[in-house]
Amino acid sequence: MQTLTKSSQLEHKTYRTYQSDGILDLIIGLSISGFGVFMLTGNAAFLGMAWLPVLLYLPLKNRFTVPRYGYVKFTISTRHSVYYILSMAVGIVALAFMFGFIGMQRSDNLPLIVQAFTDRYEIFLIGCFLNAGLIAIGAIIGLNRFYYYAAFVATVTFLIGWLGLPPEITVVGIGLVITTVSVIIMIQFSKRYPVQGVELSD
């Protein structure tokens, strides 16, 4: 029993390290920035572009992380599988709902009473959606920085909403901050885990 516990702890630690490359942060930051650009321009094409960075996750993982850390396959115990699935579902649904709901609101495709409510409290709703997604992701991976992101988003959206400032620049700014942090994390990861002499074919 003790051996299994130590094995589980080791696997969890390895999983956290494998996810500490900053790539997921980069994808989230770029997606939020893209969504902010959509809010600024009103062009629906940018709403679709907000999802494009998600497609880069696996290619970036294979090109950046695997040559440095190696390929690792993780197994999730039955006891934790439901927790991981539910947390992932909450994160994905929250972000998807934010993109879809705010997209409809920006296009004036909501019922009038709902439209009036979202127009008034838009930045607070965005903050709630983002926080739900970030907290869920943090719970899955077990990295505290996603909770720090959530605290940052909550603070900024509250202040912007209280001051009555435009939310568009705020969303772009949040995305750029997370993107900048992700680049710093990636640089630190590359220094900590240099390429192990693995040749990559194009």
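Mentor: We shall begin with the overall fold and then turn to the aromatic rings. Please bear in mind that this is a predicted model.

Trainee: What does the secondary structure of the protein chain come to?

Mentor: The protein chain has 8 helices and 0 strands. Of its 202 residues, 39% count as buried. Among contacts between residues at least 6 apart in sequence, 77% join residues at least 24 apart.

Trainee: How is a pair of aromatic rings described?

Mentor: One gives the distance of the centres and the angle of the planes. In this structure there are 4 aromatic pairs. For Phe64 and Phe189, the ring centres are 5.9 Å apart and the planes stand at 35°, so this pair is tilted.

Trainee: Which parts does the pair of Phe64 and Phe189 tie together?

Mentor: Phe64 belongs to helix α4 (residues 57–69) and Phe189 to helix α8 (residues 167–192), so the pair links parts that are 125 residues apart in sequence. Both Phe64 and Phe189 are buried.

Trainee: What is the geometry of the rings of Phe189 and Tyr193?

Mentor: Their centres lie 4.9 Å apart with the planes at 45°, so the pair of Phe189 and Tyr193 is tilted. Phe64, Phe189 and Tyr193 form one aromatic cluster.

Trainee: Why does Tyr193 count as partly exposed?

Mentor: The reason is its relative accessibility of 21%, since buried means under 20%. Phe189, by contrast, has 0% relative accessibility and therefore counts as buried.

Methods:
Residues are numbered from 1 along each chain as its sequence is written. This is a predicted model: local features need pLDDT of at least 70, side-chain atom pairs count only at pLDDT 80 or more; totals for chains, interfaces and linings use all residues. Side-chain values use heavy atoms; hydrogens and water are left out. Rings of Phe, Tyr and Trp (its six-membered ring) pair if their centres lie within 6.5 Å; planes under 30 degrees apart count as stacked, over 60 as edge-to-face and the rest as tilted. Helices (H or I, at least four residues) and strands (E, at least two) are DSSP runs, numbered from the N terminus. Buried means under 20% relative accessible area, exposed over 50%, partly exposed in between (1.4 Å probe, protein chains only). Contact means heavy atoms within 4.5 Å.
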